[in-house]
Amino acid sequence: MKRKFVYSLTAMAAATVMTFGVFSLAACGDKLHTHIDEDGNGKCDICDEDMPAHTHTDEDGDGKCDICKAEMEKPLTDEPLNATTVIADFTAEGENEEIYASDGWSNMGSFNCEWDTGRVAFEDGYAKLTIAENPDGSEADCNEYFGGEMRTRGYYGYGDYEVSMKPAKKVGTASTFFVCTGDYDYQPGSSTPNPWDEVDIEFLGQDTTKVQFNYFVNGVGTGVHEYVYDLGFDASEDFHTYGFRWAEDHITWFVDGEPVYRVDASADNPMPSTAGRMLMNYWCGNSKGYGWMGQYSDPGDEGAEYQWIKTSAAKAYDESEAGPPAETPDIEGVDFTDVDMSAVGAASDAVYAVTKAEDAFNVTYADLAGNYQNVAFTGMDTLAQANNLFRAEITNNGEQAVGVRIDVMSTEEVNEPAPDQFMYVTNLLAMQDGVAVTTDLEWGGSLFTVEAGATVEIVIEYDNSYPYSNIQFMIDSHLADGLTHSGNVTIGGFAFGANDNASTEVRPPEPSENSMISFSTDHEYVISEAGVPSEEVNITYSGVKNDYHCVYGAITTADTQGKNTFTFTVVNNSADKPVEFRIDLQNASGTNVVTAISSPASWSGGDGNFYFRVAAGATETITVTFSDSLTGVLLYIDSTIYIEGDDAHTTTYSGDITLKDFKFTNVA
């Protein structure tokens, strides 16, 4: 059956649309001809007369209107999706071993929720993700609410992906299905973090008659690759199928089995190429996302619902295989000093029952829902500070394998894996029964698995240049698997030793004169180091108009405490146009606390806002004073320019700028 594709003639949109099967011949000088409009300007290409209004049709499928021969968009002819492997069928199985709920962290950025296993429920025939208030959260910490997320344990690459889902119709929320990886992931045996590669299907709750498709290649995606497709129905009213074909040279998105949008690779438009997890999440945004998704309020029982997910992609590897190649501590020739266990104390969270024997501690627990609870061992300060190797024995007396994370703690901050989230863990390397195991140098902790009935010896190398505090054992409480655990373990055999050839310290280098800021955006701007704390970023953009779009820079609060002046350098790489900025500096309450600005061309708008301009090709140092500790800087770049008479804001701007030399000082 031949399909008929219908398009309205945009050049004559105001006219009454009529259908003409054939045009009558017209005289042009002494020639007869049929009106045609191949350049689409609404006039006959031969005689320049206005074309009769009509509807474009392409029944012969040659890509041109049957009537006027104007070029038409050809329909997609991609093969149907072939996602044959069922990863999860919530209609029949409920919970699934390949899928688990995220728990205990926020994605930061525009997110205003912390993932919580309580926001994932398996109901009659589907999985449901919901949002609830977080009584201990705040927008400043990007966790004012709890949200729901499910993710696969495996990483998947090129192939067909499909989901049956029903998004939530709620302003300020996003209901999603996507494949993603980033610099928090490593391929097996690789010491290089993954790039940020992603392929998205997203529904915004403020208008569920549309779906947004997007993809990221090494972090580039926002403001560059988004495409909004008008569904022609309200997706929140029933389950439909959505999917994509991710290939090396193209991505095609599908709705209810029909291809609806395609992008092809080119030298200037590469495709994502790194295998990632499949994820489904339901989340609300903070003020940085209001312009995109609206403002969220009043959590109810609404949520994103999922029936199943399928793929044709083979699993590239599992999370248990992911991670950089591990090294083992060097214990050759080391003399360990045994700890007098009678002098060791143990302080534990209430989920654990701790009993002290003569030379060990027995720890039992039941129905533990992991939230990083721990048993902290004390009374070993002198030995621990004088050495850099810790040895212990763990016996699993239970019937199930036990996961153990051990942190050698300091009283000082060791690193900052996320804005205003500080770790006090000094671990460097670790091994279990002589075999290297993973140590997380970003968030901290060495990870061990003890099989049922087994006794293992563990050794951890740590950085003793930090002041020692205690040693924490997290027993099954660090597993973000959404399950509850019960167990019985015995912990003892503590000893310390010194490795004179210790590996590189985790103590960060002395800070440079400049501070680091992590910039992100939900708008047209393309940031070279998006989401990465950096001393310098490049920002390019096009199509910006007077709509108050901006980039947001997350600032470490500690950098600004006791300070009142922010200076930075702006390089306008454009040789033919100036760039105009409005700058806001926000405190933890989201209030703009700028008190003055100084640069060769700067001014106050008289409304509590401050502006500056950088000439074409110029490099300027900007000085801003402020009245409170900061959490972020907002730069409105060419998006606040008012032009008299341009009430529709049709004037657009493009540009290329570099921001660098960020400094916070105290000026009397």
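Start by selecting Thr176 and everything around it. Leaving aside its neighbours within four places in sequence, Thr176 is in contact with Met165, Ile201, Glu202, Leu279, Met280, Asn281, Trp283 and Tyr306. Bear in mind from here on that this is a predicted model.

Colour by secondary structure, and Thr176 shows up in strand β14, which covers residues 173-181. Is Thr176 buried or exposed? Its relative accessible area is 1%, and the cut-off for buried is under 20%, so Thr176 counts as buried.

Now show side chains for Thr176 and Asn281. The two side chains make a polar contact at 2.6 Å. Asn281 is also one of the residues listed in contact with Thr176.

Next, select the aromatic residues. The whole structure has 35 aromatic pairs. Go to Tyr215 and Trp253, a tilted pair with 6.4 Å from centre to centre and 35° between the planes. Tyr215 sits in strand β16 (residues 210-216) and Trp253 in strand β19 (residues 250-255), so this pair ties together parts that are 38 residues apart in sequence. Both Tyr215 and Trp253 are buried.

For a ring pair with another geometry, select Trp603 and Tyr611. Their ring centres are 5.8 Å apart and their planes meet at 10°. Planes under 30 degrees apart count as stacked, so the pair of Trp603 and Tyr611 is a stacked one.

The structure holds five cavities of 30 Å³ or more. The largest cavity has about 60 Å³ of space. To find the largest cavity, select its lining: Lys545, Asn546, Ile641, Tyr642, Ile643, Asp646, His649, Thr650, Thr651 and Tyr653. Colour that lining by class, and four residues come up nonpolar, four polar and two charged. Lys545 and Asp646 are among the lining residues, and both residue types count as charged.

Conventions. Residues are numbered from 1 along each chain as its sequence is written. This is a predicted model: local features need pLDDT of at least 70, side-chain atom pairs count only at pLDDT 80 or more; totals for chains, interfaces and linings use all residues. Side-chain values use heavy atoms; hydrogens and water are left out. On a 1 Å grid over the protein atoms alone, a cavity is a set of points where a 1.4 Å probe fits but cannot get out, and a pocket is an open set with protein on both sides within 12 Å along at least five of seven lines; lining residues have an atom within 4 Å of a point. Grid points are joined across faces, edges and corners, and a volume is the space filled by probe spheres set on the points. Helices (H or I, at least four residues) and strands (E, at least two) are DSSP runs, numbered from the N terminus. Buried means under 20% relative accessible area, exposed over 50%, partly exposed in between (1.4 Å probe, protein chains only). A polar contact is a pair of N or O atoms within 3.5 Å; within protein, one must be able to donate a hydrogen and the other to accept it, and residues adjacent in sequence count only if both atoms are side-chain atoms. Contact means heavy atoms within 4.5 Å. Rings of Phe, Tyr and Trp (its six-membered ring) pair if their centres lie within 6.5 Å; planes under 30 degrees apart count as stacked, over 60 as edge-to-face and the rest as tilted.
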